Amino acid sequence: MKTATGHEFSNPRADELFQYHRQQIFVRTDRLFARLMIVQWVAGIAAALFIAPRTWSGQASHVHMHVWGAIFIGAAISAFPLWMIRTAPGAAVTRHVIAVAQMLMSALLIDLTGGRIETHFHVFGSLVILSFYRDWKVLIPATVVVGLDHFLRGVYWPYSVYGVLTASPWRSIEHAGWVVFEDVFLVISCLRSVREMRSIANRTAALEAAEQNSRQIFEDAPIGMAVVGLDERFQRTNAAFRDMLGYSEEELTGRTPLDITYADDLEISRQLAEQMLHGTARSSIEKRYVSKAGQVLWATRSGCVIRDGSGNPQHFLIMVEDISDRRAAEEALRQSKHELESALKANQLIMDNSLDVICTLDAEGRFVTVNAACMSLWSYMPEELIGRASIELVHPDDRARTEEAAHNIRLSGHLTDFVNRCIRKDGAIVDVLWAATWSEADQTHFCVAHDVTERARIEKALREAKEEADRANHAKIEFLSRMSHELRTPLNAILGFGQLLERQSPNAMQRTRVGHIISAGRHLLDLINEVLDISRIEAGRLQLSLEPVPVADTMTEVVDLMRPLAAERATKLSTGAMPDKSTHVMADRQKFKQVLLNLLTNAVKYTPSGGSVTISAERRADGHVRVIVSDTGPGIAPDKIARLFTPFERLGAERSTVEGTGLGLALSQRLMHAMKGTIGVDTAPDCGSRFWVELPCAQSPLDQITSSRNGDHAALSNDTRTILYVEDNLSNLTLIEQLLADQPQTTLITAMQGRMALDLARQHKPDLILLDLHLPDLPGWDVLAELQKHDATRHTPVVIISADATSRQIKRLLEAGAHAYLTKPIDVPEFFRVIDNVAGSHGVATNGATPNPIPVLT
Amino acid sequence: MVAHPRCPCTRASIGELARIMARAKGKLSAVVLFVRPESVDCSWNETDLWRSARQIPGVTTVVDAGGVAAKKLGAETSGHVLLFAPDGRLLFNGGITESRGHAGGNLGENTILSLVTGETVQRNQTPVFGCALANPERAGQRPKCAR
């Protein structure tokens with residue numbers, strides 16, 4: 001490259017080095033002249049003192065004027081350049097001032113020595129010293145000063161410059177010629193010197209760049225590198241080396257490679273170092289290092305000895321590459337290979353011993369490999385099948401779907417549970433179950449074929465047996481149902497007439513006998529009812545009406561029902577912790593009560609006289625309410641608990657005097673499951689029992705009312721209307737009464753039975769009928785049908801409110817004429833919206849317009 | 001030669017005199033008159049210059065008390081040389097240094113040696129470089145060691 005000054009340099013650094021060195025020379029030479037100036041000044045004074053310290057005139061003498069001249073003129077000449085050297089060392093103006101001053105000093109000395117020719121050499125010497133600047137330009141002012149001095153003094157004061165009174169002009173020309181002659185050589189010398197300096201700067205820059213490059217290569221090398229002295233201590237390490245081992249440069253300096261070598265590899269490391277020192281050019285081993293953190297690293301360590309020109313070793317250069325991952329990979333590969341070999345052996349064993357055919361097929365379905373099991377499946381030797389199309393073995397009737405399956409396997413990649421019929425070599429037909437995988441990369445099917453002829457036969461037999469069993473079970477349920485019905489009829493007579501006899505004042509013996517008849521009849525009735533319930537549940541015919549049920553009220557109710565039995569058996573019946581009135585569970589009220597009665601009945605029956613039975617409840621953290629029935633009875637042995645909920649299982653009580661069917665707990669469990677609840681027991685022999693049931697909490701209807709009063713309820717219409725609500729559940733009745741209490745324009749009529757509802761509808765002609773489906777005397781759909789039959793009630797809109805949310809039921813009721821269908825628990829805002837819409841549309845309809853279609857709301 | 005015993009420039013003249021005496025190889029005899037002012041004691045003129053002159057073979061040093069002889073010879077500057085023939089004729093009159101205190105070959109020296117060998121010379125006068133001799137007429141002037 002070419003610099004701004006037009007000189008050639010290999011790079012900017014060369015120019016920088018050149019300028020730096022040149023400046024150093026300028027400054028150094030300035031300092032040289034500074035000393036020289038002082039020496040010259042002192043020398044001039046000394047010379048003046050030596051040559052002519054005083055001048056005499058007879059007896060009188062004075063200091064010679066040359067002495068004064070040497071002191072003052074010499075000082076004047078030297079002062080300014082000295083100041084310049086101090087203030088601007090190295091500056092061009094400084095050295096030019098020095099050049100002028102130096103020549104003036106020469107002139108002074110020449111004058112002081114009376115123009116001695118020897119002092120003229122001061123000029124030449126000064127020019128030579130000025131050339132130390134290696135700046136030929138500095139010779140120009142020096143030469144000009146010398147020339148002018150010689151010319152002027154040669155003309156006007158030849159004595160002072162040549163020591164003669166008259167001087168020939170040729171003498172000045174001669175002196176000037178010598179000066180120019182010297183200048184020529186000095187200029188050449190300066191130019192050569194500068195050229196050499198540039199060359200050196202270029203070489204130095206190149207060396208620096210090369211060294212920097214080497215350092216950079218060393219430092220940034222992706223593998224660890226280190227320079228180790230002959231004393232075996234680290235001298236330099238690169239970043240990769242330090243990162244690999246976790247040491248800093250300072251920590252490694254002073255250590256030896258052996259200090260970080262794994263103990264088992266120390267000996268071989270020492271041997272290799274010795275070998276390298278005694279001739280082996282380079283070495284490479286795989287060894288282990290120990291990092292600062294104590295981790296053992298596998299590494300490839302290559303090393304060589306760096307020697308000087310005479311072959312004397314200078315230091316070691318070692319290169320370390322972390323091969324821990326490679327070692328781990330090799331180990332993993334070795335392990336994998338071992339496992340693969342094991343797997344291959346295992347596969348071979350499997351194939352050799354498998355009872356299933358394991359084979360591979362090419363893309364055209366021809367056998368490529370097949371194991372010996374083909375002999376038992378198809379009666380073909382493996383060599384008879386290799387190269388043969390597998391479709392040839394398939395029964396002609398199954399070939400089409402087999403080819404379709406083969407096509408599909410290409411799309412999905414695999415095939416399972418495909419069964420076709422194949423023809424053995426002996427002509428027999430076998431059912432074959434196929435599992436196959438298609439490898440697109442290998443263009444190969446990997447197949448396993450299994451003889452399922454026997455399995456198919458067994459499955460068919462099982463299927464037939466199950467169907468038979470289902471038929472039998474269905475027949476059993478039908479039988480039980482019919483038998484229950486058929487048994488109820490004579491029981492009606494037995495119990496009815498038994499009670500009639502009891503009212504006709506029998507004597508004591510007759511009363512006892514009648515009592516046995518009635519007791520046995522009631523027992524039989526209970527048995528029939530429970531059998532019917534279980535049959536209904538198992539047949540999936542159980543109908544539940546899930547709604548919020550107040551827990552405390554229900555508990556109080558069942559306790560009241562149980563008090564007579566407890567009193568009869570001298571058992572203390574009490575209530576424990578009770579939930580507050582607002583605690584509700586989502587359940588069918590009747591079924592929930594039935595379960596609690598079952599538990600209490602069992603507790604009272606199995607607790608000896610004088611014992612106690614307690615019912616309590618608690619709210620669980622998981623959002624459930626647990627009702628607990630505790631007794632002080634004999635408890636239940638752990639081995640019997642598993643059979644506790646089995647129908648007709650009385651756990652040995654059948655041998656006691658306690659009456660029972662063995663169906664109570666089984667029925668309770670099924671009812672709890674149907675209501676999404678749980679039932680369980682904590683018991684131990686002689687420690688009593690704690691039976692419990694859990695049901696999910698539900699929001700209290702009263703809470704729903706409270707929340708609804710700030711909602712859509714405020715927007716109800718002001719038209720007067722009459723609503724008939726048909727519901728046998730008192731809680732639900734109360735709920736609707738509360739909901740409509742804030743509507744003075746609405747008159748609510750309630751009915752708890754279907755027939756009563758029909759009478760009230762005909763009598764009051766309500767604007768809207770809210771109808772529950774589960775009524776004690778008539779099902780809700782029968783009530784709806786009756787309403788549809790009569791002119792007076794045919795157009796009265798009916799909204800069904802039921803816990804049955806099945807689509808089949810909803811569709812059935814809407815088709816039967818219901819205007820809308822609401823499910824329990826009631827969404828209050830939705831309830832108001834629906835009754836407003838239905839009552840409103842009805843009012844329009846009564847005026848002769850067609851009612852607007854009402855949406856189905858569930 | 002007439003010399004001021006303390007003139008530094010005359011040292012070169014004494015040196016040149018020694019060279020002339022050596023080259024003349026006995027054909028010359030020389031007398032150096034060291035001018036001593038009257039008011040000083042006798043040791044005033046016993047300088048190194050005086051001792052140097054005494055050591056030159058063929059040279060006789062004479063103290064010129066009060067500069068009487070110098071005055072008679074018309075010498076005013078130290079280093080003034082006058083060469084007389086055996087018959088009393090003045091052959092050369094001037095200095096024998098190229099310049100002030102400047103040793104080395106010079107016209108005065110060459111002229112004297114030529115005259116000694118009988119050669120013809122074109123000039124027999126040269127400038128004299130040195131201090132002023134004790135000259136009552138210049139007593140008030142600033143002394144100088146020059147021509």
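What follows is a short exchange about a predicted model.

Reader: What makes E23 and E24 of chain A a pair?

Author: Two strands count as paired if there are at least two bridges between them. Strand E23 (residues 798–802) and E24(A) have four bridges, in the parallel sense, so by that cut-off of at least two they pair. A:Ser802 stands opposite A:Thr823 in E24(A).

Reader: Which strands of chain A make up the open sheet, and in what order?

Author: The open sheet has five strands in the order E21-E20-E22-E23-E24, with parallel pairing. On average, neighbouring strands are turned by 20° against each other, direction ignored.

Reader: Why are E21 and E24 of chain A called edge strands?

Author: Strand E21 (746–751) and strand E24 (820–823) each pair on one side only, which means that they are edge strands.

Reader: Which helices of chain A lie across strands E20 and E22?

Author: Helix H22 (residues 730–740) lies across E20 (721–726), E21 and E22 (768–771), and runs at about 175° to E21(A). Helix H24 (residues 780–789) lies across E20, E22 and E23, at about 160° to E22(A).

Reader: How do you know that chain A touches chain B?

Author: Contact requires C-beta atoms within 7 Å. By that test, 19 residues of chain A are in contact with 26 residues of chain B. Strands E1 (54–57) and E2 (60–63) of chain A each give two or more residues to this side, which has eight nonpolar, 10 polar and one charged residues.

Terms used: Residues are numbered from 1 along each chain as its sequence is written. Chains are lettered from A and ligands numbered from 1 in the order in which they are written. This is a predicted model: local features need pLDDT of at least 70, side-chain atom pairs count only at pLDDT 80 or more; totals for chains, interfaces and linings use all residues. Axes are lines fitted to C-alpha atoms, for helices over the stretch in contact, and angles run from 0 to 180 degrees between N-to-C directions. Two residues are in contact if their C-beta atoms, placed from the backbone, lie within 7 Å. Ala, Val, Leu, Ile, Met, Phe, Trp, Tyr, Cys and Pro count as nonpolar, Asp, Glu, Lys and Arg as charged, and the others, Gly among them, as polar.
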